[in-house]
Amino acid sequence: QVQLVESGGGLVQAGGSLRLSCAASGSIFSINAMGWYRQAPGKQRELVAGITSGGSTDYADSVKGRFTISRDSAKNTVYLQMNSLKPEDTAVYYCNAVVVTTTPRQHAYWGQGTQVTVSS
């Protein structure tokens with residue numbers, strides 16, 4: 001199968017920065033889109049940023065100009081650079097990848113989530 005392992009979350013003051021990483025491993029033939037979602041307490045999970053295999057990116061309006069998504073296809077890794085963090089960015093951040101496995105079969109996988117807390 002496929003595993004996504006996230007790292008880089010933590011506690012930061014408002015205005016600070018964090019960088020999240022997510023590495024995919026396992027029975028991977030190729031990875032199409034990768035992205036980051038977040039879920040705050042009492043709210044639905046929402047897309048933060050996504051990136052296609054061709055490098056096209058998409059961002060939620062609330063993070064445009066502050067967050068940058070990138071990927072290293074050779075390492076099957078996606079990153080989220082988060083700058084100018086605000087208390088409202090506090091959430092559990094989840095990595096997502098649409099993977100074509102070696103079976104072959106396409107499936108969306110999720111990471112376990114990493115907590116990001118921004119203090120005011």
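Predicted model: local features only at pLDDT ≥ 70, side-chain atom pairs only at ≥ 80, totals over all residues.
Residues are numbered from 1 along each chain as its sequence is written, and side-chain values use heavy atoms, with hydrogens and water left out.

Trainee: How many helices and strands does the protein have?

Mentor: Helices (H or I, at least four residues) and strands (E, at least two) are DSSP runs, numbered from the N terminus. Along the sequence the pattern reads β-β-β-β-β-β-β-β-β-β-β. The protein accordingly has zero helices and 11 strands.

Trainee: What radius of gyration does the protein have?

Mentor: The radius of gyration is taken over C-alpha atoms, and the globule rule is 2.2 Å times the number of residues to the power 0.38. For 120 residues, a compact globule would have a value near 14 Å, with which the protein agrees. Along the principal axes, the C-alpha atoms fill a box of roughly 50 × 25 × 20 Å. The radius of gyration of the protein is 14 Å.

Trainee: Which strands stand at the edges of the open sheet of four strands?

Mentor: Two strands pair if DSSP finds at least two bridges between them. The sheet has the order β1-β3-β8-β7, with antiparallel pairing. An edge strand has a single partner strand, so one side of it is left without a neighbour in the sheet. The edge strands are β1 (2–7) and β7 (67–72).

Trainee: Which residue in β8 stands opposite Asp-72?

Mentor: β7 and β8 pair in the antiparallel sense over six bridges. Their hairpin has four residues between the strands, and Asn-76 there takes a positive phi near 50°. The residue opposite Asp-72 is Thr-77.

Trainee: Which residue in β8 stands opposite Arg-19?

Mentor: β3 and strand β8 (residues 77–82) also form an antiparallel pair, over six bridges. Across this pairing, the residue opposite Arg-19 is Gln-81.

Trainee: What is the torsion about the S-S bond of Cys-22 and Cys-95?

Mentor: A disulfide is a pair of cysteine sulfur atoms within 2.5 Å, and Cys-22 and Cys-95 are joined at an S to S distance of 2.1 Å. The pair links distant parts of the chain, with Cys-22 in strand β3 (residues 18–26) and Cys-95 in strand β9, 73 residues apart. Cys-22 is buried at a relative accessible area of 0%, and Cys-95 likewise has 0%. The disulfide is left-handed because the torsion is about -80°.

Trainee: Which residue's side chain does a polar contact of 3.1 Å join to that of Thr-101?

Mentor: A polar contact is a pair of N or O atoms within 3.5 Å; within protein, one must be able to donate a hydrogen and the other to accept it, and residues adjacent in sequence count only if both atoms are side-chain atoms. Thr-101 lies in strand β9 (residues 91–101) and is buried, with a relative accessible area of 6%. Leaving aside neighbours within four places in sequence, Thr-101 is in contact (heavy atoms within 4.5 Å) with Val-2, Ser-27, Phe-29 and Tyr-109. The side chain that makes the polar contact of 3.1 Å with that of Thr-101 belongs to Thr-103.

Note on methods:
Buried < 20%, exposed > 50% of the residue type's maximum accessible area, 1.4 Å probe, protein only.
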